[in-house]
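Hello,

Here is the structure I promised to pass on to you. Have a look at it first, and then read my notes below.

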Amino acid sequence: MSRVAGATVQPAAGAGGGALRSATAADASAAPIALDVRADFPILERAFDGRPLRYLDSASTSQKPRVVIDALAEHLGTHNANVHRGVYALAQEADAAYEQARQRVASFLGADARTTVFTKNVTEAINLVAYAWGRTNVGAGDAVLITQMEHHANIVPWQLLCKERGATLRYLEVDEAGQLSPAQLDAELARGDVRLVAFTHVSNVLGTINPVAEMTARIRAAGAVSLVDGAQAVPQMPVDVGALGADFYAWTGHKALGPTGIGVLHGDRELLDAMPPFLTGGDMIASVDFEGATWNELPYKFEAGTPPIAEAVGLGAAVEYLRGLGMDRVRTHERELTAYLLGRLAEVPGLRVVGPPLASDRGGLASFTIEGLHPHDVAELADRAGVCIRAGHHCAQPLMRCLGVAATARASVGVYNETADVDALIDALQAGRKVFEL
Amino acid sequence: MDDLYRDYILDHYKRPRNFGELEPHDLEGEEHNPLCGDELGVHIRVQDGRIADLRFHGHGCAISQASASIASEELMGMELAEVERLGADWMIDLLGIPVSATRRKCALLNLKVVRGAVTGDHDWPA
């Protein structure tokens with residue numbers, strides 16, 4: 001499969017097979033791709049029915065560079081022992097590896113290791129805040145504010161918290177362009193009952209990039225606490241939790257080139273100190289007697305039991321890899337590729353993209369519907385060309401309701417994607433429309 | 001010829017048989033396939049222990065809608081006792097196309113909603 005570099009003519013892949021596609025105005029303006037790292041990802045060497053793997057589902061989970069796979073294997077094969085317990089040399093190595101991973105992860109986001117908690121995933125990180133902070137800070141008559149564009153992980157924990165505590169859950173509305181309204185945020189905060197505002201940094205359906213720093217400043221001025229879901233943001237743009245000003249910032253390793261089973265919660269020191277623990281048991285205690293226990297210091301107070309040690313090491317390697325690429329460059333790559341994707345999607349008759357129209361206003365994904373083709377069929381037709389996209393409600397059923405659809409198809413880009421992946425998708429969609437005689 | 005989207009499948013998808021509402025009706029059901037956003041409802045009129053008339057309604061992928069349309073022609077006039085005995089194999093055989101594990105739920109949605117309406121059992125298939 002020939003590689004595209006800048007504006008060139010390239011053979012169309014997929015059901016059309018072999019015919020040269022002539023360069024269009026869209027090609028001429030297709031910006032050079034900022035990254036060329038496909039070769040770093042072993043899985044992308046796989047062929048499906050003789051076709052290269054065109055993976056456009058990084059919003060769901062990312063593929064892993066060889067260095068991450070090797071780091072996991074090396075840890076398990078050379079430095080494996082339990083942490084925080086052993087005196088022997090091997091245990092010291094495991095300890096050092098785990099804490100080095102924490103330090104790498106923390107500094108990747110400009111955070112402090114002391115307030116960087118490892119969890120299983122971002123869903124657990126949000127649940128941690130809902131249980132440990134929510135249940136001691138939200139009560140009858142209080143309100144929790146979220147948005148219509150949230151992933152279920154940033155909806156359901158708050159629904160339950162509010163039901164249990166007699167509080168109200170309110171939603172910031174999303175407009176036609178997929179944006180929130182600062183005026184509505186101010187109006188909600190002015191009601192004086194909001195204790196927490198939880199919202200996403202980048203929407204996994206709309207691609208909207210929310211103005212986090214501006215929002216957290218307003219939230220803090222109103223005396224409320226902010227929690228930001230950074231699952232889609234961290235893999236694709238520079239994130240500095242200090243500059244963003246969120247009291248809690250949660251993300252997950254498996255979307256950021258790391259393994260599954262490792263999530264991260266960055267929290268405000270004072271809030272974390274004041275919170276009771278979430279999960280309890282070993283490691284999060286300082287001492288236990290027959291009557292009760294005292295808690296360990298941060299961050300261990302929130303890390304009960306044996307942590308995902310190898311997974312943390314894997315994530316440490318992942319953030320080092322991303323640091324090597326440079327997150328500014330990653331953002332440029334994904335933005336340019338998304339601009340290319342939007343431009344090419346516009347060629348498909350009856351196709352409607354939801355969310356912000358400009359690539360510069362969105363993260364590296366595009367959710368869309370095609371008239372006459374249900375998203376599930378769209379994904380099936382794409383699969384035939386070796387193109388992986390997602391179809392469904394993307395764990396955002398309330399948002400689907402707002403959009404007036406049951407489901408959408410979604411293509412999302414990662415550092416390893418190239419214009420050929422987008423081309424293969426478009427070819428598959430056009431071929432699919434023919435199959436359905438549209 | 002396409003493996004999955006054969007002419008008759010697409011025909012049933014674009015021109016579904018026995019789709020709409022049925023008033024009055026004796027039995028009704030609603031099911032969703034949350035994974036992909038397929039929804040299907042059914043209205044059934046019963047006479048002498050048989051399905052005297054039925055209508056499906058809803059939106060979904062080509063497989064879920066075509067399966068409902070194809071099944072509707074067989075279900076028309078069927079004894080309720082026989083409906084209760086219908087299994088997944090019946091539907092898959094009726095479709096006559098290879099259905100992957102992921103699309104199975106789409107193909108079986110219509111039978112799930114009909115069984116739910118007739119037996120009150122919403123946990124099928126187990």
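**A leucine in a loop**

A:Leu44 sits in the loop of chain A that runs between helix H1 (25-29) and strand E3 (47-48). Helices (H or I, at least four residues) and strands (E, at least two) are DSSP runs, numbered from the N terminus. Before going further, please keep in mind that this is a predicted model, in which local features need pLDDT of at least 70, side-chain atom pairs count only at pLDDT 80 or more, and totals for chains, interfaces and linings use all residues. Residues are numbered from 1 along each chain as its sequence is written, while chains are lettered from A and ligands numbered from 1 in the order in which they are written.

(A residue is buried with 20 or more other C-beta atoms within 10 Å of its own, exposed with 12 or fewer, and partly exposed in between; C-beta atoms are placed from the backbone.) Leaving out residues up to four places away in sequence, A:Leu44 touches A:Arg38, A:Leu53, A:Tyr55, A:Gln63 and A:Tyr416. Contact here means C-beta atoms, placed from the backbone, within 7 Å. A:Lys64 is 20 residues from A:Leu44 along the chain, and their C-alpha atoms are 9.6 Å apart.

Chain A is divided into domain 1 (10-60 + 326-435) and domain 2 (67-323), with bounds that come from an automatic or database domain assignment. Their C-alpha centres lie 30 Å apart. Domain 1 of chain A brings 26 residues to the contact and domain 2 of chain A brings 25 residues. On the domain 1 side, the largest share, 5 residues, comes from H11(A).

The largest nonpolar core has 157 residues, and A:Val144 and A:Leu425 have the most contacts inside it. Such a core is a set of buried Ala, Val, Leu, Ile, Met, Phe, Trp, Tyr and Cys residues joined through C-beta atoms within 7 Å. Helix H10 (residues 309-325) of chain A gives the largest share of this core, 10 residues. Both domains of chain A give residues to this core, so it lies between them. Beyond its neighbours within four places in sequence, A:Leu425 is in contact with residues including A:Leu56, A:Val387 and A:Ile389.

**The sheet in chain B**

In chain B, 3 strands form an open antiparallel sheet in the order E1-E2-E3; two strands pair if DSSP finds at least two bridges between them. Strand E1 (27-33) and strand E3 (50-59) of chain B each have a single partner strand, so one side of each is left without a neighbour in the sheet. From one strand to the next, the twist averages 15°.

E1(B) and E2(B) pair over 7 bridges, and B:Glu31 stands opposite B:Leu40 in E2(B). Their hairpin has 4 residues between the strands, and there B:Gly37 takes a positive phi near 90°. E2(B) and E3(B) pair over 9 bridges, with B:Leu54 as the bridge partner of B:Ile44. Helix H2 (residues 62-75) of chain B packs on the sheet, touching E1, E2 and E3 of chain B, and its direction makes about 170° with that of E3(B). For these angles, axes are lines fitted to C-alpha atoms, for helices over the stretch in contact, and angles run from 0 to 180 degrees between N-to-C directions.

**Where the chains meet**

Finally, 13 residues of chain B are in contact with 13 residues of chain A.

Enjoy exploring!

How values were computed. Contact = placed C-beta atoms within 7 Å.
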